[in-house]
Amino acid sequence: QVQLVESGGGLVHPGGSLRLSCAATGFTLDGYAIGWFRQAPGKEREGLACISRSDGSTYYPDSMKGRFTISEDIAENAVYLRISDVKPEDTAVYSCAVSRTYWTCTNNWLEGERFDYDYWGQGTQVTVSS
C-alpha cells in the first residue's frame, strides 16, 4: 500500500525541540521532492521545508530558516523535520507530501495546491504548551 506516515508529534514545552518523521511505504522516495507543511486551526496551510531526493536541493521559506531543519535517511526511506526552540505558535498539524513531477525544490514548491502533490500523509499533531 502506497502511503506516507508521519510520526513524532505530541505535547512539547516551549523552548524544547522535536523531530518529526515522514516514512514512505509501498514506494521509494528516489526521484521525488518531499516537503513538510503545517496547518493550525483557522489558519491557512504553511510550507516549511523541502528536500529533493532527485537532485539534493533543499529550500526553506525565509520565515522558516533557523529553527526548522529537513533531513533524509535513504536507508529508512524517510524524511525528517527537526524543530528547535519550539513556540506556542508552532502548534499545528504537521504533514508531509511528495511530488515526482516537481522533483526539485524551488522557491514555489511549497505553494502548490493539494492536488499538485502525488501523496500526502495523514498528519501528526504538535502541541506546544507549558
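Author: What follows is a conversation about salt bridges, aromatic rings and disulfides. This is a predicted model, in which local features need pLDDT of at least 70, side-chain atom pairs count only at pLDDT 80 or more, and totals for chains, interfaces and linings use all residues. Residues are numbered from 1 along each chain as its sequence is written, and side-chain values use heavy atoms, with hydrogens and water left out.

Reader: Let us start with charges. How many salt bridges does the structure hold?

Author: The structure holds seven salt bridges. The term covers a side-chain nitrogen of Lys or Arg within 4 Å of a carboxyl oxygen of Asp or Glu. In general, side chains of opposite charge can pair when their charged atoms come close.

Reader: Which residue forms a salt bridge with E46?

Author: The partner of E46 is R38, and their closest N and O atoms are 2.8 Å apart.

Reader: Is R38 buried or exposed?

Author: R38 counts as buried, because its relative accessibility is 8%. E46 has 33% and therefore counts as partly exposed. Here buried means under 20% relative accessible area, exposed over 50%, and partly exposed in between, with a 1.4 Å probe and protein chains only.

Reader: And what does D62 pair with?

Author: D62 forms a salt bridge with K65, with 3.1 Å between the closest N and O atoms. D62 is exposed at 64% relative accessibility, and K65 is exposed as well, at 53%.

Reader: Where do R67 and D90 lie?

Author: The side chains of R67 and D90 meet in a salt bridge of 2.8 Å, N to O. R67 lies in the loop between β6 (58–59) and β7 (68–73), and D90 in the loop between β8 (78–83) and β9 (92–99), so the pair ties together parts that are 23 residues apart in sequence. Strands here are DSSP runs of E with at least two residues, numbered from the N terminus. R67 and D90 are both buried. Salt bridges with shared partners also join R38, E46, R67 and D90 into one network.

Reader: Turning to the rings, how many aromatic pairs are there?

Author: The count comes to seven aromatic pairs. Rings of Phe, Tyr and Trp (its six-membered ring) pair if their centres lie within 6.5 Å; planes under 30 degrees apart count as stacked, over 60 as edge-to-face and the rest as tilted. One of the pairs is F27 with Y119, whose ring centres are 4.9 Å apart and whose planes stand at 45°, so the pair is tilted. F27 lies in the loop between β3 (18–25) and β4 (33–39) and Y119 in strand β10 (residues 119–120), so this pair ties together parts that are 92 residues apart in sequence.

Reader: What about the accessibility of F27?

Author: F27 is buried, with a relative accessible area of 14%, whereas Y119 counts as partly exposed at 29%. F37 and W120 form another tilted pair, 5.0 Å centre to centre with 45° between the planes. That pair links distant parts of the chain, with F37 in strand β4 and W120 in strand β10, 83 residues apart. F37 and W120 are both buried.

Reader: Which residues do ring pairs link with F37 into a cluster?

Author: The cluster consists of F37, W109, Y117 and W120, linked by ring pairs. The charged end of R114 sits over the ring of W120, 4.3 Å from its centre. For this, NZ of Lys or CZ of Arg must be within 6 Å of the ring centre and within 35 degrees of the ring normal. The charged end of R19 likewise sits over the ring of Y80, at 4.0 Å from its centre.

Reader: Finally, how many disulfides does a search of the whole structure find?

Author: The search finds two disulfides, each being a pair of cysteine sulfur atoms within 2.5 Å. C22 is joined to C96, with 2.1 Å from S to S, and this link is right-handed, with 75° about the S-S bond. C22 lies in strand β3 and C96 in strand β9, so the pair ties together parts that are 74 residues apart in sequence. C22 is buried at 0% relative accessible area, and C96 is buried at 0% too.

Reader: And what is C50 joined to?

Author: A disulfide joins C50 to C105, with 2.0 Å from S to S, and it is left-handed, with -75° about the S-S bond. C50 is in strand β5 (residues 46–52) and C105 in the loop between β9 and β10, 55 residues apart. C50 and C105 are both buried. Counting bonded cysteines along the chain, the disulfides follow the pattern 1-3, 2-4.

Methods
Helices (H or I, at least four residues) and strands (E, at least two) are DSSP runs, numbered from the N terminus.
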